[in-house]
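Trainee: I'd like to learn how to read a protein structure. Can you walk me through a few features?

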Amino acid sequence: MESFSNNFTIEAICAVRASYKYELKDSYSESIIEFLPKAQKNCEILNKISRGKFSRTILLRSLFFRKVMIEAAHSVSQIIILNAGLDPKPLSIDSLKKSTKIFYVDSSYLCDFTKNIFNQLNICVNNINFIPYSFNGDSVKLIEELKKVEVDFSSPTLILWEGASYYFEPEIIYQLISNISKEFKKLNFAFDFLNKCDYFKNNAPITLAIKKKLEFLESIGEPWKGFVELRKMLMILNKCGFHSIEVKSREKLEEELLNYVKMTKGQRFFANISNY
């Protein structure tokens, strides 16, 4: 049975995860892409535009967020994945306690779409709570939605926001960080973000390749908006009272997790922060 997620990049990401199933210890994505007829083609298009960097970037960030989840598995009682899409990571981490509550937050359409595919693959989703909410930048509303379900704001919580900050204006990103840091008493938050100065100079793309990539994302209805200033991001994180702040550049993470640097330096950063 073929399905459509209505999201070009989400399907391409599934194709990448499937191709690196051994590195990611992912036993689900290969089966998931059988339901996504455009996944492989979308992946090829994005790799062509990025000169092969798309797949390596997805591999790298998937390894990063998987590592964060494994390290937090024994200390958190709940995991919230914002803009979850078809992310199978929680299903493939054996060290997660059976009592750990998993919350997938995404649009009503994508929640139903994901549940439907998981059910057809006989993937047990009993420990996954799907929260049908389209985060449109209103983090106050997001918190209200989380309060309507069984999210415990006093328990140790891991929140993952993978590859999604790109689509929101910087102020929305800062507000989300600020608001969740106030609400969750014991929070571990991991996310990745774009560094503005590595993409623009005098408000213009610094290379023709970047210009073409941004134009393509605009053309498919998935424009990048979240170009933040690294210094301001670090200032916000300190101001929000996080006791542990770890922010790494893509090349640093690439060297650690993939042993050598192949992609352009800078551009993306990965944060793993905690307020307890």
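Predicted model: local features only at pLDDT ≥ 70, side-chain atom pairs only at ≥ 80, totals over all residues.

Trainee: Which residues line the second largest pocket?

Mentor: Pro90, Leu91, Ile93, Asp94, Leu96, Lys97, Lys98, Thr100, Ile102 and Asn127 line it. The space in this second largest pocket comes to about 180 Å³.

Trainee: How much space lies in the largest cavity, and which residues line it?

Mentor: The largest cavity holds about 70 Å³ of space. Its lining is made of Arg17, Leu24, Asp26, Ser62, Arg66, Pro88, Lys89 and Ser92. Sort those by class and you get two nonpolar, two polar and four charged residues.

Trainee: Okay, helices next. Which residues of helix α6 are buried?

Mentor: A residue counts as buried when its relative accessible area is under 20%. In α6, which runs over residues 139–148, the buried ones are Ser139, Leu142, Ile143, Glu145 and Leu146. They cover an arc of only 160° around the axis, so they sit on the same side of α6.

Trainee: Which residue caps the N-terminal end of α6?

Mentor: That's Asp138. One of its side-chain oxygens lies 3.2 Å from the backbone nitrogen of Val140.

Trainee: Last topic: backbone angles. What is the phi of Asn259?

Mentor: Asn259 has a positive phi, about 75°, although it is not a glycine. You'll find Asn259 in the loop between α10 (250–258) and β10 (268–274). Gln267 also has a place in the loop between α10 and β10. Gln267 isn't a glycine either, and its phi is positive at about 70°.

Trainee: Is Asn259 buried or exposed? And what about Gln267, buried or exposed?

Mentor: Exposed means over 50% relative accessible area. Asn259 has 66% relative accessibility, so it counts as exposed. Gln267 has 12% relative accessibility, so Gln267 counts as buried.

Key. Residues numbered from 1 in each chain as written. Heavy atoms only, no water. 1 Å grid on protein atoms, 1.4 Å probe; cavity = no way out; pocket = protein on both sides within 12 Å on 5 of 7 lines; lining within 4 Å. Points joined across faces, edges and corners; volume = space filled by probe spheres on them. Nonpolar A, V, L, I, M, F, W, Y, C, P; charged D, E, K, R; others polar. Buried < 20%, exposed > 50% of the residue type's maximum accessible area, 1.4 Å probe, protein only. Helix = DSSP H or I, 4+ residues; strand = E, 2+ residues; numbered from the N terminus. Arc of directions from axis to C-beta. Polar contact = N/O pair within 3.5 Å; in protein donor to acceptor, adjacent residues only side chain to side chain.
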